[in-house]
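This briefing concerns side-chain contacts between charged groups and rings. Please consult the sequence and the structure shown below.

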Amino acid sequence: MDSDAPETSKTPSANAATYFDGTSSRRRAVMLHFADRLEISEHEQVLAAWDYADVRRADSPSGMLRLGCLSAPALVRLEARDHASATELVSR
């Protein structure tokens, strides 16, 4: 294997999650930015910004944290499987 080749890994990046925009069933691989509110971005473009006070847990399978937002449309949701991201989200 070439040592100059970029590393590829099946392990998700820290602060990675899956975002559903509520208008299609398309899964969007997003990054979470924890600032004065939760920013959800894809390819450096902010898709949504949620106030922490509006974020709510939703039913989810074991090993995943599923969230919705009171100020977002009803079908919009965020899913985090990464333990560090889920822990950060719950702490806020």
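**Charged contacts in the predicted model**

E79 forms a salt bridge with R77, with 3.3 Å between the closest N and O atoms; the term denotes a side-chain nitrogen of Lys or Arg within 4 Å of a carboxyl oxygen of Asp or Glu. The model is predicted, so local features need pLDDT of at least 70 and side-chain atom pairs pLDDT 80 or more, whereas totals for chains, interfaces and linings use all residues. Residues are numbered from 1 along each chain as its sequence is written, and side-chain values use heavy atoms, leaving out hydrogens and water.

- E79 is buried at 6% relative accessible area (buried: under 20%; exposed: over 50%; partly exposed: in between; 1.4 Å probe, protein chains only).
- R77 is partly exposed, at 29%.
- The charged end of R77 also sits over the ring of F20, 3.9 Å from its centre (NZ of Lys or CZ of Arg within 6 Å of the ring centre and within 35 degrees of the ring normal).

- A salt bridge joins the side chains of E42 and R28 at 3.0 Å, N to O.
- This pair links distant parts of the chain, with E42 in strand β3 and R28 in strand β2, 14 residues apart (strands are DSSP runs of E, at least two residues, numbered from the N terminus).
- R26 and E42 meet in a salt bridge at 3.5 Å, N to O.
- E42 is buried at 11% and R28 is buried at 16%, whereas R26 is partly exposed at 46%.

**Whole-structure search**
- The search finds 5 salt bridges.

Terms used. Helices (H or I, at least four residues) and strands (E, at least two) are DSSP runs, numbered from the N terminus.
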